[in-house]
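Trainee: I would like a close look at one part of this model. Please start with a pair of helices, then move on to other places.

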Amino acid sequence: MEKKETKKTGLLLVALFLGYTMVYIDKLSVGYSLIPISTEFGLEPAAKGMIMSAFFLGYAIMQIPMGLVINKVGSRIVLIGSVLGMGLFSFLFGFGTSLIMFMSVRFLTGFLAHSGYASSASKEVTMNFPPEKRTFAQGILLSSSGVAGFIGPLALSPIITNAGWKNAYLILTVLAVVIAIFLIIAIPRNEKKQEKAEAIATKTDKISILVIWSDIRVWILFLSSFFINCLLYGLSSWVPSFLTGERGLDLNGAAVISSVGGLFMLIGSIGGSYVVGRFFQHKEKAVVAITAILGTFSAFGSYYIGNLVLLSIVMGLANFFLIISFVTMMSIPLRIFEGAKFAPSYGTLATGGILGGFVSPTLIGKLVELSNGQYISTFIFFLVVGLLTAVTIMFIKQK
């Protein structure tokens with residue numbers, strides 16, 4: 001019986017991991033596709049930033065309501081619908097012909113497709129894994145950012161270069177459908193009974209959003225998530241443009257450097273989550289602060305490096321430390337929020353991260369324009385938000 005349950009949870013973790021990989025590849029694809037799109041349609045840096053930010057605006061608006069939807073219909077339905085939605089909007093994005101259409105499709109992608117996946121996946125972790133294994137399980141899921149960051153650029157860049165950005169989005173559509181089918185097979189169907197029993201046991205079957213928002217820990221995590229995601233999404237969105245613009249690389253060269261960063265992220269997310277879960281339980285906030293500082297200074301220092309090999313390594317180290325900080329931060333809610341409190345609490349703090357993703361691309365686009373195509377002001381911005389992450393998280397009480 002125990003082996004059977006282990007097999008089920010293993011299959012579930014694989015399915016959630018693949019869904020998360022789709023999430024990150026979808027986010028990553030825009031940074032690369034906008035390079036030929038901006039050339040084809042004459043888009044300025046600020047317009048590119050608006051397309052990136054439209055996604056996060058939709059994502060942010062729906063995040064808290066989606067936490068309540070998850071409590072109502074269950075995480076299984078939301079997870080499957082999210083991945084199918086990514087496929088649908090990838091298909092539509094491939095037919096984009098104007099700034100308004102690109103912005104509208106990306107807004108709907110965030111609003112309807114992405115908004116429920118992270119909270120639903122985390123809820124599945126809380127229902128199917130004991131507390132001592134949740135940090136590692138969450139780390140495995142978020143390590144998909146490293147897999148996507150490593151494989152995505154190497155796969156997307158040649159496809160976009162040789163087959164065109166429109167065909168790249170058709171391929172993403174097919175990939176999303178295949179992953180959605182796997183989720184249908186792997187996710188348990190009796191989750192509503194399980195959620196109901198858990199809610200009754202913790203006396204949180206019905207809870208007001210005002211009760212959630214009265215917990216100061218939610219808002220500390222909200223701010224911390226906002227700051228670190230300003231940095232993470234700023235890097236992932238604009239590094240391809242920085243490398244092809246100010247550094248003069250072609251798209252494939254930029255993809256190689258980005259994929260090295262993805263490999264470092266993969267190592268950091270899996271290895272970091274294991275080490276933190278094994279040796280630093282209840283000390284997570286210190287880990288978040290220290291790794292945020294190390295990652296921030298690595299990212300800032302990379303601007304001044306001319307050698308491409310050294311640049312790849314330093315950017316890789318920045319990704320390594322920042323993903324450990326992010327994964328550890330997102331494991332804290334799995335320990336301090338339970339029952340029906342979990343999804344709305346997680347959704348609120350996740351909104352902070354999504355707002356970071358909304359503010360960062362547009363602000364960086366403006367900074368680049370004001371700096372006449374130079375990126376030094378962008379890296380100063382990274383330095384500020386990274387240090388604010390470290391300061392803010394230290395105020396959290398984990399008990």
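At what angle do helix α14 and helix α15 pack, and how far apart are their axes?

Mentor: This is a predicted model: local features need pLDDT of at least 70, side-chain atom pairs count only at pLDDT 80 or more, and totals for chains, interfaces and linings use all residues. Residues are numbered from 1 along each chain as its sequence is written, and side-chain values use heavy atoms, leaving out hydrogens and water.

Now the pair. Helix α14 spans residues 308–336 and helix α15 spans residues 342–370. They pack at an angle of about 155°, with axes 10 Å apart. Helices here are DSSP runs (H or I, at least four residues), numbered from the N terminus. Axes are lines fitted to C-alpha atoms over the stretch in contact, and angles run from 0 to 180 degrees between N-to-C directions. α14 and α15 are therefore roughly antiparallel (angles over 145 degrees count as such). Their crossing is right-handed (the near helix is turned clockwise from the far one by less than a right angle).

Which residues meet? M330, P333 and L334 in α14 meet F342, Y346 and L349 in α15; contact means heavy atoms within 4.5 Å. By class, this contact has six nonpolar, no polar and no charged residues. Nonpolar covers Ala, Val, Leu, Ile, Met, Phe, Trp, Tyr, Cys and Pro; charged covers Asp, Glu, Lys and Arg; the others, Gly among them, are polar.

Take a second pair. Helix α2 (residues 45–73) and helix α11 (residues 216–245) pack at about 145°, with axes 12 Å apart. The crossing of α2 and α11 is right-handed. From α2, P45, K48, G49, M52 and F56 meet Y233, S237, W238 and S241 of α11. This contact has five nonpolar, three polar and one charged residues.

Next, a single residue. G87 lies in helix α3 (residues 75–93). G87 counts as buried because its relative accessibility is 2% (buried means under 20% relative accessible area, with a 1.4 Å probe and protein chains only). G87 touches T173 and A176, not counting residues up to four places away in sequence. G87 and A176 are 89 residues apart in sequence, yet 4.9 Å apart in space, C-alpha to C-alpha.

Last, helix α5 (residues 117–128). Its 12 residues reach 16 Å from first C-alpha to last, close to the 16 Å expected at 1.5 Å a residue. α5 is mostly covered, with 11 of its 12 residues buried. Among them are Y117, K123, E124 and M127.

Definitions and conventions: Helix = DSSP H or I, 4+ residues; strand = E, 2+ residues; numbered from the N terminus. Parallel < 35°, antiparallel > 145°, perpendicular 65-115°, else oblique. Buried < 20%, exposed > 50% of the residue type's maximum accessible area, 1.4 Å probe, protein only. Expected span 1.5 Å × (residues − 1).
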